[in-house]
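Student: I have a model open and want to learn how to read its features. Can you take me through it?

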Amino acid sequence: DTLDGAGTFTVFAPPDSAFAKLPEELLTKLLDPTWSPQLKDVLLYHALGSEVFSTDLAEGLMAPTLNFQGDKITVSLDPPSIDE
């Protein structure tokens with residue numbers, strides 16, 4: 001619903017290796033329809049409600065996410081990562 005609305009969004013997609021680190025039981029749980037609110041929250045943690053280009057990123061940049069809590073992410077540039 002959130003990303004279907006009008007607006008510009010930036011999504012930081014985790015690499016496959018990030019998903020490989022998750023316990024299999026957690027992945028199974030998140031894919032269960034009962035847990036869709038939690039899955040949505042995890043996905044929206046990786047989305048911003050604004051357009052951000054790689055040239056806009058700076059070490060330590062903090063930006064609010066679209067998840068339920070409005071958590072902020074912190075950017076690291078060397079190596080490139082979000083909240084590591």
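Tutor: We take the sheet, then the pocket. This is a predicted model, where local features need pLDDT of at least 70, side-chain atom pairs count only at pLDDT 80 or more, and totals for chains, interfaces and linings use all residues. Residues are numbered from 1 along each chain as its sequence is written, and side-chain values use heavy atoms, with hydrogens and water left out.

Student: In what order do the strands of the open sheet lie?

Tutor: Strands are DSSP runs of E, at least two residues, and helices are runs of H or I, at least four, numbered from the N terminus. Two strands pair if DSSP finds at least two bridges between them. Here the order is β3-β4-β5, with antiparallel pairing. β3 (62-64) and β5 (80-82) are the edge strands, each pairing on one side only.

Student: How many bridges join β3 to β4?

Tutor: 3 bridges join β3 to β4 (residues 72-77). Ala63 has Ile73 in β4 as its bridge partner.

Student: What volume does the largest pocket have?

Tutor: A pocket is an open set of points on a 1 Å grid over the protein atoms alone, with protein on both sides within 12 Å along at least five of seven lines; lining residues have an atom within 4 Å of a point. Points are joined across faces, edges and corners, and the volume is the space filled by probe spheres (1.4 Å probe) set on them. The largest pocket has about 760 Å³.

Student: Which residues lie nearest its centre?

Tutor: Ala13, Pro14, Ala18, Phe19 and His46, out of 30 lining residues. α3 gives the largest share, 6 residues.
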